[in-house]
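Here are some worked exercises to go through with the model open in your viewer. Try each task before you read its solution.

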Amino acid sequence: MKFNPRKRTSNLVLLLSAFIFVALILWNTNSFFKKFKEEERLKMEIWATAQSELIQSSVDKELGDLTLKVLGNNTSTPMILVNEEGSIKTHNIPAELGKDSIYIQNKIAQFKSENTPIQIIQGGELLETLYYGNSEVLNKLKFYPLALLLIICLFATVIFFFFKTNKASEQNKLWAGMAKETAHQIGTPLTSLLGWNELLKTEAINPEITKEIAKDIDRLQTITERFSKIGSMPELKPHDIVEETRKAYEYLKKRSSRLIRFSFVTEIDELLVPLNPPLYNWSIENLVKNGIDAMRGKGDIDLHIALKDNYVSISITDTGHGIPKSEFNAIFNPGVTTKKRGWGLGLSLVKRIVEEYHKGKIKVLTSSKEGTVMQILLKTK
């Protein structure tokens, strides 16, 4: 496939922009998280001061309304108070769990890792140590960047597939339009050639000449019919798969180099399969031509027909240079070619003919430096 440098540069710019955008989101979220955590710390320090007031009031000071309000309003942050004697009190932790000493010790360790404990000191004496964890809101905020990234990825995926599908649809319409226009353009000189050949038959010339011209005209008519069917669903009728395959194979065999050794083996004599002969023969010819090109005009081409469960298998083997395993699927995409002057349309057309029109399957069965095996599977019913 040939790449456009400008398109590649624009893709890199888009990728870099997306990376910067995501980095800014993460940085902003992290800044917000830190600020929120600082506010939570301040809130807990105020709560610790109110707790100190509560301890002092039990001795010689009356407790004010503000202190009670501060102590009572914090219902979201889990807290554990440990006094100098080791006595433990819990806040915003279920009562049944607060009685479990192992759970409390694990929570203390967790809270110490999340936040620095706050010491409640009076008159230089440590009265209690406050261990607190992140509030429910803060814990949820941790997953906000991941959720945001997931939404962005999903949105980007939807956009990607939308444009990809839209582009593929436009390409299909373009190729179909070009194919039909080609068929239309060929039709006019083809009609003229038919007339000229009939006139030649009345002249005193070798009949073999007009016979060969008639064959080439028939061939042009077949090509025109193939192109006219691109872009529309062709009609499938029962045809002998062995005979139709043999026709396409023999046509290329007669017109190929003598350095190519052809072999046609079939395990079945006759089998009716729903086919559109002009398009099916086109796919066989494309695969055989690709094999010949891969061998550079010298080697073996073997075609094998067999039954596999409810499918008929048509395998075409060449002795060419092979296809890298990483490209087994890519070679069927439009524009992908290993030829210097190739358009990359042959195998994509074959795939469309086999899979979309005939509801079959096509794949690279095996490939190595010794050659490649291409396989077509068509339903027998």
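**Exercise 1: a charge and a ring**

Task: find what lies over the face of Phe 332.

Solution. Lys 351 lies over that face of Phe 332, 5.5 Å from the ring centre. The rule here asks for NZ of Lys or CZ of Arg within 6 Å of the ring centre and within 35 degrees of the ring normal.

Before you go on: this is a predicted model, where local features need pLDDT of at least 70 and side-chain atom pairs count only at pLDDT 80 or more, while totals for chains, interfaces and linings use all residues. Residues are numbered from 1 along each chain as its sequence is written, and side-chain values use heavy atoms, with hydrogens and water left out.

**Exercise 2: aromatic pairs**

Task: work out how many aromatic pairs there are, and classify each.

Solution. Start with the rule: rings of Phe, Tyr and Trp (its six-membered ring) pair if their centres lie within 6.5 Å, and planes under 30 degrees apart are stacked, over 60 edge-to-face, the rest tilted. That gives two aromatic pairs.

Step 1. Tyr 249 and Phe 262 have ring centres 5.6 Å apart and planes at 80 degrees, so call this pair edge-to-face. Tyr 249 sits in helix α8 (residues 241-254) and Phe 262 in strand β6 (residues 260-266), so the pair ties together parts 13 residues apart in sequence. Helices (H or I, at least four residues) and strands (E, at least two) are DSSP runs, numbered from the N terminus.

Step 2. Check burial, where buried means under 20% relative accessible area, exposed over 50% and partly exposed in between (1.4 Å probe, protein chains only). Tyr 249 is buried at 1%, and Phe 262 is buried too, at 16%.

Step 3. For Tyr 249 and Phe 264, the centres are 5.5 Å apart and the planes at 50 degrees, so this pair is tilted. Here helix α8 and strand β6 are linked across 15 residues.
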